[in-house]
Amino acid sequence: MDLGIRGRQALVCAGSKGLGKACAYSLVREGVNVTIVARGQQTLEETAAELRALNSGAVTAVVADITSAEGRALALKHCPSPDILITNAGGPPAGDFRDLTHEMWLAALEANMLTPIALIRSTIDQMISRQFGRIINITSSAVKAPIDILALSNGARSGLTGFVAGIARKSASKNVTINNLLPGLFDTETMRSRSESMAQASGKSFEEVQQQRLQPIAAGRFGMPSEFGDACAYLCSSQAAYITGMNFLIDGGAYPGVF
């Protein structure tokens, strides 16, 4: 299916690896010109080379910390008028909420709530004027089913979710949509790293921890990043113009609820 976004401009945050990279890959494959932003130069350049090898959309790599005002300004300097915005940032650390400092809360809010809001604020009016825009926020399954040791993520990402619910309907008539993608467990470097940390803390093997984390997943496996990227690309498509303000949980059936 032709998604109708060939030649569009996209800004993908934290796009050098993991789910951000998967989104960038799916968009480039569809002929979108993508600007990927990340802090690590080597990984970013390697990813940019992979994306350029698709011989489809143009790829620009920007080394910047998207959670800082300076980083956002640099990203928007290279991609000043994105038609597609994918907000994404690494999740804050896990831990007992009693041990979380005020500074840790501020950092989590800055990265996982205020940065996406700032990027939306900087780009949405141009999208409205062109009568095309797709904004996708990569949040977490914890928005749907909070995880006790992820208090920082639960709070910051839920705040972003509430913000999006309040503004997403205002731009829909101008063909500008805002949606959230909520990943469960995907086979990424971050997921494997967390399993290694859990193994060290519990005295179990990495394989035992991985099997334990698989148990609630109805699909019986971890998600492939490409599946997430393709879901993102569809929500960015011309066919998805009638979808806004939604939270799409992609977790292989781990969440047992109805709503």
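Guide: Let's start with glutamine 131, which is partly exposed at a relative accessible area of 46%. Here, buried means under 20% relative accessible area, exposed means over 50%, and partly exposed is in between, using a 1.4 Å probe and protein chains only. This is a predicted model, with local features needing pLDDT of at least 70 and side-chain atom pairs counting only at pLDDT 80 or more, while totals for chains, interfaces and linings use all residues. Residues are numbered from 1 along each chain as its sequence is written, and side-chain values use heavy atoms, with hydrogens and water left out.

Glutamine 131 sits in the loop between α4 and β5. (Helices, H or I with at least four residues, and strands, E with at least two, are DSSP runs numbered from the N terminus.) The phi of glutamine 131 is positive, about 60°, although this residue is not a glycine. Alanine 14 also has a positive phi, about 50°, without being a glycine. You'll find alanine 14 in the loop between β1 and α1, and its 26% relative accessibility makes it partly exposed.

Now let's look at what the elements beside these loops do. A nonpolar core is a set of buried Ala, Val, Leu, Ile, Met, Phe, Trp, Tyr and Cys residues joined through side-chain atoms within 4.5 Å. In soluble globular proteins, nonpolar side chains tend to be buried together. The largest core here has 29 residues, and those with the most contacts inside it are Ile5, Leu27, Val34, Ile36, Ile84, Ile86 and Cys236. α1 gives the most to this core, with five residues. Apart from this core lies another one, of 21 residues, among them Ala75, Ile135, Ala168 and Ile178.

Zoom in on cysteine 236: leaving aside neighbours within four places in sequence, its contacts include Leu27, Phe132, Arg134 and Ile136. Contact means heavy atoms within 4.5 Å.

Helix α2 is worth a stop too. At 1.5 Å a residue, its 12 residues (41–52) should span 16 Å, and its end C-alpha atoms are 16 Å apart, which agrees. The expected span is 1.5 Å times one less than the number of residues. The buried residues of α2 are Leu44, Thr47, Ala48 and Leu51. These cover an arc of only 105° around the axis, which puts them on the same side of α2; the arc is taken from the directions from the helix axis to the C-beta atoms. Their cover includes α1 (18–29), β2 (33–38) and β3 (59–63).

About 70 Å³ lies in the largest cavity. On a 1 Å grid over the protein atoms alone, a cavity is a set of points where a 1.4 Å probe fits but cannot get out, and lining residues have an atom within 4 Å of a point. Grid points are joined across faces, edges and corners, and the volume is the space filled by probe spheres set on the points. Of the 13 lining residues, the closest to the centre are Thr87, Asn88, Ala89, Ala111 and Pro116. α4 (102–130), β5 and α5 (151–167) each give two or more residues to this lining, and α4 gives the most, with four.

Note on methods: On a 1 Å grid over the protein atoms alone, a cavity is a set of points where a 1.4 Å probe fits but cannot get out, and a pocket is an open set with protein on both sides within 12 Å along at least five of seven lines; lining residues have an atom within 4 Å of a point.
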